[in-house]
Amino acid sequence: MNDQSALAVSAGIADRLAHPGTTAVTATADGTRQHLALGPMGIALLHIERAAAGLGPWQRAHDWLTAAARRPLTSGADSHPFYGAPALARVLACAAEGMPGAYEHDLNRLHRQVLDDVRHRLDTAHRRVDARQLPALAEFDAIRGLTGFGSYLLHHDPTSPALRSVLDYCVRLTEPITHDGDTLPGWWTLTGPSGRPDDRFPGGHGNSGMAHGIGAVLALLALAARRGTTTDGHHAAMRTVLTWYDHWETATPQGRTWPYWVTRDELRTGQLAPAPPRRPSWCYGTAGLARAQQLAALALDEPAHQAAVEIDLLGALTDPVQLRATADTGICHGFAGLAHLVGRTAADASPENAQRLRALLPALLSDLLPQGMAPEEASTALVEGPAGPGLLDGAAGIALGVLAAFSDEAPRTAWDACLLIA
């Protein structure tokens, strides 16, 4: 499937999700309605981006936003950057980028709620650190935690004291903590990767990923530094995380890879246990972590490190073993996410690496889009497929990923800020 066919599939998905009546997504549980990854808000992002680029009508975005907000939204401790009022604030802020002045009253109200929530979360987090306790993943991660809030503030309120406070917290999170006689990284958690107690992780784990781990913290610090916003210890914190990745890297014939997480036994021995090949995804894999490290290398002006991680990404996406481990098509851990990461990474890469990265797109598309189908059939198959129409795993995310990968410009509305890759 060539690039024009891929773009036709992206447009076809948008047409099949033209208004809420075209899918059953709004008829599901209220939690789905409020969830950026699953429900109407993520589909609205697709139409917001297309409208801002002059590819579709704003009315479609408005209809999906109306569906998301048809009942009150959760706020406070039970909400997070992908759920409830903060999620809608992020989406409305993207709409305001594309159509200045749109939803101004609602966005201002939601933004005040976000600032209040960030303040309470920071107070709780600093009390936890003062008590020398270990964090929960949800305290800091990109999906539920302060890093996710930080990405929203960086793009939509970059001069706010709240953003500086989140960056101060991120720096503090990289400071070591002693627990049961072991010196642990400050982001170590006593649970399993699910955020719940897990007998498979005695002593907890250190999460390396972008969705739920320290990768998102590194990316936020790097993105802020590239925009000229830093705090005390900012660069040292980035180097602490980069040192973690350097220590736990695995060299392969194709390039370096990094573990999803490190267990307590692995930390004590300094050695990773044998593991099967893992997919190079955004959420946990080499692709997302290569982008985070590329951003940090750019912020720290380390061109050799930047070039090295670009080569690592090239290796991961040409390694048949890693690609065979990728069984999904979505943004989170599938081929749409890989295609989008290629586009974003290539935009900041050296000319030689950028050309080599972009040359990977046709092969990634051959795994992403249904083969042997006309674009109209493929669009329908993706919308009606088991992953559904949502943002992270479903058709809306696929349409956005394809659109961004084949554009000569960055997304008009920074919809992918929620992924901490831009």
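**A close look at Thr174**

Modeller: Let's start with the side chain of Thr174, which reaches the backbone oxygen of Val171 at 2.7 Å. That counts as a polar contact (a pair of N or O atoms within 3.5 Å; within protein, one must be able to donate a hydrogen and the other to accept it, and residues adjacent in sequence count only if both atoms are side-chain atoms). Keep in mind that this is a predicted model: local features need pLDDT of at least 70, side-chain atom pairs count only at pLDDT 80 or more, and totals for chains, interfaces and linings use all residues. Residues are numbered from 1 along each chain as its sequence is written, and side-chain values use heavy atoms, with hydrogens and water left out.

As for where we are, Thr174 belongs to the loop between helix H9 (161-173) and strand E1 (177-179). Helices (H or I, at least four residues) and strands (E, at least two) are DSSP runs, numbered from the N terminus. Thr174 has a relative accessible area of 8%, so it is buried (under 20%, with exposed over 50% and partly exposed in between, using a 1.4 Å probe and protein chains only).

Who are the neighbours? Leaving aside residues up to four places away in sequence, Thr174 touches Trp187, Ala237, Thr240 and Val241, where contact means heavy atoms within 4.5 Å.

Zooming out, the chain has 20 helices and six strands. Buried residues make up 58% of its 422 residues. Of the contacts with a separation of 6 or more, 70% join residues 24 or more positions apart.
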